[in-house]
Amino acid sequence: MNKTNLLLKDFIPAQDVREFVQLYRIVHLQFDKGVAIPPKAYPPRPEHCLAFYPYDTETVQYAASGKLIRHIPVVLYGQFTEVTHRMIGQQFLVFQVIFYPGAIYRLTGLSAQELNNQYLDAEAVFSSELRLVNEQLHEAPDYAAMLQIANEFIRRLIRQQKKPRLLTDNAWLLMLTGQTRITLDQLAKEACLSAKQFERRFKERTGVNPKLYERIIRFDRAFRLKNSRPEFDWLRIAIECGYHDYQHLVKDYKDFTGL
């Protein structure tokens, strides 16, 4: 398959927006005319994302229901727990703002549960300003200029944030970093809440309960490790990613991919 342009790279946000944004990701693919572009399957990832499409948009099909969504220039999606298939055009560029869990809730006041498995027109949540930002990305001379545009946009959102940061927000940072395995009771204690209160706030800010979120994080690590180290067998992948045994990885693989 011939491509005249190819980029898939993560970028660190400006220091003053890192409380909300994990990273910016740019995927830029330009295919030669006549090249058949295969769809790509996306399993669940621990990501809440605002995605700008300044050139060709993408078509998304839900694997379970077959539902198709097309022609959205700026997309907001929350936590996915199911597979989607993505189809793109010949001139494809997506600029993704990958938020930390809870950031969209803090910026908009919208419960993350309302975004679960949703691929939404972002203007319905933010404002028509997104169109201007998308046009600026289209006209940007290079990727560095795109990063500046994104940082300025996020700064404007932060100035208008609707909800404060809470101790609950420390919990998913511990889960995302994977530095230690901690129980729900320990996470609740860290947030100065009862287990029930913690789970309610956690779902409000991430969209799912802590146990499901931990499963998605662990599966995502396994999925990415297998892609980067295909010579590793699945037993080694399971052990290195914190599964009790191979069968637990098998169950998550079936649950999150349908395969």
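Student: Which residues line the largest cavity?

Tutor: A cavity is a set of points, on a 1 Å grid over the protein atoms alone, where a 1.4 Å probe fits but cannot get out, and lining residues have an atom within 4 Å of a point. Here the lining consists of Tyr42, Pro43, Pro44, Arg45, Glu47, Tyr77, Gly78, Phe80, Glu82, Thr84 and Arg86. Please note that this is a predicted model, in which local features need pLDDT of at least 70 and side-chain atom pairs count only at pLDDT 80 or more, while totals for chains, interfaces and linings use all residues. Residues are numbered from 1 along each chain as its sequence is written, and side-chain values use heavy atoms, with hydrogens and water left out.

Student: What volume does the largest cavity have?

Tutor: A volume is the space filled by probe spheres set on the grid points, which are joined across faces, edges and corners. For the largest cavity it is about 110 Å³. A search of the whole structure finds 1 cavity of 30 Å³ or more.

Student: How do the residues of that lining divide by class?

Tutor: Ala, Val, Leu, Ile, Met, Phe, Trp, Tyr, Cys and Pro count as nonpolar, Asp, Glu, Lys and Arg as charged, and the others, Gly among them, as polar. The lining of the largest cavity has 5 nonpolar, 2 polar and 4 charged residues.

Student: Which residues lie nearest the centre of the largest pocket?

Tutor: A pocket is an open set of points with protein on both sides within 12 Å along at least five of seven lines. In this model 28 residues line the largest pocket, and Leu8, Val27, Lys40, Tyr42 and Arg45 lie nearest its centre. Elements giving two or more residues to this lining include strand 1 (3-11) and helix 7 (210-228); helices (H or I, at least four residues) and strands (E, at least two) are DSSP runs numbered from the N terminus. The pocket holds about 650 Å³ of space.

Student: At what angle do the axes of helix 4 and helix 6 cross?

Tutor: Axes are lines fitted to C-alpha atoms, for helices over the stretch in contact, and angles run from 0 to 180 degrees between N-to-C directions. The axes of helix 4 (residues 168-177) and helix 6 (residues 195-206) come within 10 Å and cross at roughly 75°. The two helices are therefore roughly perpendicular, a term that covers 65 to 115 degrees. Their contact (heavy atoms within 4.5 Å) involves residues including Trp172 of helix 4 and Phe202 of helix 6.

Key: Parallel < 35°, antiparallel > 145°, perpendicular 65-115°, else oblique.
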